[in-house]
Structures are given as structure tokens and as C-alpha cells.
Amino acid sequence: MKTFIYFLSIFCSLGCISYAQTSSKKFSAEGEFTANCEGPAVDSEGNVYAVNFARDGTIAMMNKRGKSGFFITLPKGSTGNGIRFGDKNTFYVADFTGHNVLKVDIITKTVTVLANEPKMNQPNDLAITKSGNIFCSDPNWKDGTGQIWHVSPEGKTRLVAEKMGTTNGIDISPDEKTLYVNESVQRNVWAFDLAADGTLSNKRLIHTFADGGMDGMRCDVEGNLYIARHGKGEVAVLSPDGKVIQTITTIGKKVSNICFGGSNGKTCYITLQDRGCLETFKAKTAGREWQMMEAYSAKK
């Protein structure tokens, strides 16, 4: 009997270990967002933000239980895509119809233009460093091409990569020495060496998927990439060197973007364009952006 109790206690303790989930579950109500459901991002209180709530050009805020409501309406002519926080009370929005990177104060709900670049095709998703340097993916869907822009904290734009495929998901490694970007149509995931001044070099292919599309992606604190596989109905997890180490199955098929939040940074929120809502799952490791928000919140 003692042996049985011993092994039972070992089994129970192992069952308490937090492992990554292999499928997502519902978070917000279906049909609340348009077919351009995107974003998302999490603030210091655990609220989740996503774009195009009920109609394009809006941003919603959801509480921890997934209850949604209007947060702001963007200026006329603007439509949001990716969202990234730059400090505790500020997030940036890739405005794909206005060719802007917008700056939003979540306390005052003031929306300003950080950068306007007429040469941008369609600013799609954003990555940001701890010092506030932004990188913007910029696809041309019609021509199947794309590029990457650097936006300084002051709003100055600079083209840092060109002659690429349909650049979409983008993020930065935890040590901020590597920038990753994927190409939706070509199904490639690229890595660049990232210099302190925002210059990119040593472009290298780390993975190519055989089928399905790609959209937004985010790094965890170990440098693994969580990639929304648009049309495939899954999130693929790649190691920093490009090996697929896990696949999470989603309820909807058109997974457009992903972010990390929750009390320990291991809760992933994903936007689904075919369901018009968000889903969620637990990751094994906390997200880099959650770690950054912890640092933002610690500042006085």
C-alpha cells in the first residue's frame, strides 16, 4: 500500500506541472469582429486589445474573461492591423490603409501619428525593442513582394530590407540580436542579424512550410517563435534555429495573429478571422512581450 501511495503521489505531482496545450479554446464571443480581426496585445492589467471590432477602424478591449467592448475608433481613413506596446500606457498600431504607425495613449485614449510613410505598401505587423525602435513588415499582396521598415522612437522611417516576398509576421529575439520575419505566400521564415542602430544584415532562411499560410508571430523568452498559420488552423512553434517543436490546433482556420499575457505570461491569445473572435491556449514558456510589460510596469 505504501508503494502504491508513493507512486500515486509522484503521478499527481507530475500532473501539476504546467505543460503547453495542444489545442486552443474559446475566449471571446464569436462574430464580434470583422474579417480583419487582428492585433492582439495585452496591457499590464491583463486586458486584451484587438482591432476591427464590429466594424473596421475600431479597437476593442477584452477583460480577462473575454468580455469585449469598444475601446477607441481610429481616425478617418485608418484601419488597424498589428498592435505592440511600447510602455505601460502606450501601444502602437500598424495602420494599413493610412500608411501610418499610430500611437495610442490608453489612459487618455488619444491617437496620434508616430510615423507616416507614403512609400509603404501596407504596414502590417510591428516588432519593438526595449528602447522603442519599431520594425514594420510591409507586404505588397498584389505583386507578392514586401519589405521591412525601421521607425525610430521619434517617428523617422528608414527602409532596412527590400526585395522580399509578402512580409507579414515579425518579431525580435529576447537578446535583441535577431529579427525574424515571415513571408505569407512564399511560406518562408527569415532571420536577420540586428544591430543596435536598427540595421539588418546576414539574412538567412530558417524554415519553409510545405503548405498553408502564415501571419503574425511572437517570440517567447527562450527565443522560440509562435507562428499563426493562416488557413491551416494551427499555431506552429519553431525553435530559434527553425525546427518545428510543437503544433497547437485552433478552432478556427484563419489564425491571423498572436500575443502573450496572463498572470505568468504563458497565456496566448490568438485572433481568428473566420470566426470573428479570439481563442486562447497555454504555452510552456512565457512570452517576450509579457516580460517587456513586466519591465515597463516596474518603472516609476
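Analyst: Phenylalanine 53 counts as buried, since its relative accessibility is 8% (buried means under 20% relative accessible area, exposed over 50%, partly exposed in between, with a 1.4 Å probe and protein chains only). Phenylalanine 70, at a relative accessible area of 46%, is partly exposed. The model is predicted, so local features need pLDDT of at least 70 and side-chain atom pairs count only at pLDDT 80 or more, while totals for chains, interfaces and linings use all residues. Residues are numbered from 1 along each chain as its sequence is written, and side-chain values use heavy atoms, with hydrogens and water left out.

The structure holds nine aromatic pairs; rings of Phe, Tyr and Trp (its six-membered ring) pair if their centres lie within 6.5 Å, and planes under 30 degrees apart count as stacked, over 60 as edge-to-face and the rest as tilted. In one of these pairs, the ring centres of phenylalanine 53 and phenylalanine 70 are 4.9 Å apart and the planes meet at 80°, so the arrangement is edge-to-face. This pair links distant parts of the chain, 17 residues apart: phenylalanine 53 belongs to strand E3 (residues 48-53) and phenylalanine 70 to strand E5 (residues 68-73). Here helices (H or I, at least four residues) and strands (E, at least two) are DSSP runs, numbered from the N terminus.

Phenylalanine 85 and phenylalanine 91 also form an edge-to-face pair, with 5.4 Å from centre to centre and 75° between the planes. Both phenylalanine 85 and phenylalanine 91 are buried.

Two rings carry a charge over the face. Lysine 203 lies over tryptophan 190, 4.3 Å from the ring centre, and arginine 229 over phenylalanine 209, 3.9 Å from the ring centre; the criterion is NZ of Lys or CZ of Arg within 6 Å of the ring centre and within 35 degrees of the ring normal.

Leucine 102 has valine 113 in E9 as its bridge partner. Five residues lie between the strands of this hairpin of E8 and E9, and lysine 109 takes a positive phi near 65°.

Notes: Two strands pair if DSSP finds at least two bridges between them.
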